[in-house]
Amino acid sequence: MPLNCVGASSPMLCRRIAFVGFALLLPAIRALAQSTWQSQDIGAVSTAGSISFSGDAVVVTGSGEDIWGNRDEFRFRYQSLTGDGELVARIIGLTNTHVWAKAAVMFRETLSPGSRHVMMCLSAAQGTALQYRTLADGASASTTPAGQTTFPTWLRLVRSGNTFSGYVSADGTAWRQAGSVTLAGAPATILTGLAVTSHQDGVACVATYDRISLSSVAAATAAPVITPRAVQSFHAGSLFEYRISATNSPTSYRASGLPVGLTLNATTGEIRGVCGGGFGPYEVTLSATNSFGTGQAIQTMVLNGPGPIEMPYVREVIQPAAGTYYVGEAVSFRVRFASGYSYPQVTGRPRIPLTIGANVRYADYAWGSGTEYHTYRYVVTPGDGPATAITVANTLDLNGGAIRDSYPL
């Protein structure tokens, strides 16, 4: 019998899966979405695609041979964007119809199969890549695919003038740039949206997106202005994160005088790292640049000695996508940890208690020790279904094991 699982992203492990009241709001939200977004198949696909909704997620079903070569075949959910802006979406599921089946966020010049475009894509088994066509009806190109295909994966595509940059993230906070490409003479108004191709024309591929955010940025008319924060005080051995705040759409950032151990992402303006020593105040010069010039400001940072050891704590639980799960299938829960100094180490076999129907089951620790995300897995067994939801318990069961901060005393 099948097991239906309602997925949600929860800020703490003790949160139950519950959507009381959402049913009344969703019709209005969906009506608004329908009025601003459009959807159609691009190219000569042999099986029509579709758009549907699952809770707050958008489900895009698409066929098509590929988004590659000089002509594309895929399903596109899109709207127009004028000027600079960015599209962000989290992919929480993708059918593996082919290792190169793709779900993507895309900027596209027209609805023609050979249109110029740029997309940040996640493939079913080849990781992520920035792919593009810079000449209409011309050849396609790609950055080297990177990473493994995991869920969820956040994708971000940014337009700044004629430059389009793609980013990928595991958590929607720490972004890695995949690459940038220039579309010379790109029109001011362009199409942007969600693209899905099965890489097997006639076979439907299903991609599930949520956390979709489309924002436009007013064109800059002056050099950036940086607003420094209050004094930033942090401890040696702790993870420090800071983002430069600047107006007028900077295209690059610089920081001089950083404590050893901190690094700057020159594209996003994020400063991040762990410092081991060199205590005291630092006067860090921050710079942000666009086509009109460079703005600067001084940010005071104070590096202190190691503070009190903090217990690791759960920042977020990423639960499975809504769907139907059958006997023998694995259901994965990703627990995102934070602590005072480093990502926690696991010993033994901690587990997450689950309630499935009238049964108490356990998702066992699988992997991730020493990293930000720990994965727990449960394999559906006979007797679990039919059930309409999985309820997560309010505590982790250490089961004789331990989850500890690995900072050396």
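This is a predicted model: local features need pLDDT of at least 70, side-chain atom pairs count only at pLDDT 80 or more; totals for chains, interfaces and linings use all residues.
In what order do the three strands of the open sheet with E20, E22 and E23 lie? The legends below begin with the answer and then move on to other close-ups.

**View 1. Three strands form an open, antiparallel sheet in the order E20-E23-E22.** Strand E20 (239-243) and strand E22 (262-264) are the edge strands, each pairing on one side only. On average, neighbouring strands here are turned by 15° against each other, direction ignored; the axes behind this angle are lines fitted to C-alpha atoms, and angles run from 0 to 180 degrees between N-to-C directions. Strands are DSSP runs of E with at least two residues, helices are runs of H or I with at least four, and both are numbered from the N terminus. Two strands pair if DSSP finds at least two bridges between them.

Residues are numbered from 1 along each chain as its sequence is written, and side-chain values use heavy atoms, with hydrogens and water left out.

**View 2. Strands E20 and E23 run antiparallel, joined by five bridges.** Strand E23 covers residues 270-274. To follow the pairing, look for Leu239, whose bridge partner in E23 is Val274, and for Arg243, which stands opposite Glu270. Buried means under 20% relative accessible area, exposed means over 50%, and partly exposed lies in between (1.4 Å probe, protein chains only).

**View 3. A salt bridge joins the side chains of Arg272 and Glu241 (2.8 Å, N to O).** A salt bridge is a side-chain nitrogen of Lys or Arg within 4 Å of a carboxyl oxygen of Asp or Glu. The pair links distant parts of the chain, with Arg272 in strand E23 and Glu241 in strand E20, 31 residues apart. Arg272 counts as partly exposed because its relative accessibility is 24%. Glu241, at 33%, also counts as partly exposed.

**View 4. Asp66 and Lys102 meet through their side chains in a salt bridge (3.0 Å, N to O).** Here too, distant parts of the chain are linked: Asp66 is in the loop between strand E5 (57-62) and strand E6 (67-68), and Lys102 is in strand E10 (residues 102-108), 36 residues apart. Both Asp66 and Lys102 are buried.

**View 5. Asp72 forms a salt bridge with Arg108, with 2.9 Å between the closest N and O atoms.** Asp72 belongs to strand E7 (residues 71-72) and Arg108 to strand E10, so the pair ties together parts that are 36 residues apart in sequence. Asp72 is buried, with a relative accessible area of 0%, and Arg108 is buried at 0%. Salt bridges that share partners join Asp72, Arg108 and Arg133 into one network.

**View 6. Asp84 is buried yet has no salt bridge.** You can find Asp84 in strand E9 (residues 84-94). Which side chain of opposite charge is nearest to Asp84? That is Arg159, 4.6 Å away; for charge, Lys and Arg count as positive and Asp and Glu as negative, while His and the chain ends are not counted. A polar atom of the Asp84 side chain lies 2.7 Å from the backbone nitrogen of Gly161. Leaving aside neighbours within four places in sequence, Asp84 is in contact (heavy atoms within 4.5 Å) with Arg159, Ser160, Gly161, Ser215, Ser216 and Val217.

**View 7. Gly401 sits in the loop between strand E33 (390-392) and strand E34 (402-404).** Is Gly401 buried or exposed? Gly401 counts as buried because its relative accessible area is 16%. Not counting residues up to four places away in sequence, Gly401 touches Thr347, Gly348 and Arg349. The C-alpha atoms of Gly401 and Pro350 are separated by 5.7 Å, although these residues are 51 apart along the chain.

**View 8. Stepping back, the protein has one helix and 34 strands.** Of its 409 residues, 45% count as buried. A search of the whole structure finds 10 salt bridges. Among contacts with a separation of 6 or more, 69% are between residues 24 or more positions apart.

Key. A polar contact is a pair of N or O atoms within 3.5 Å; within protein, one must be able to donate a hydrogen and the other to accept it, and residues adjacent in sequence count only if both atoms are side-chain atoms.
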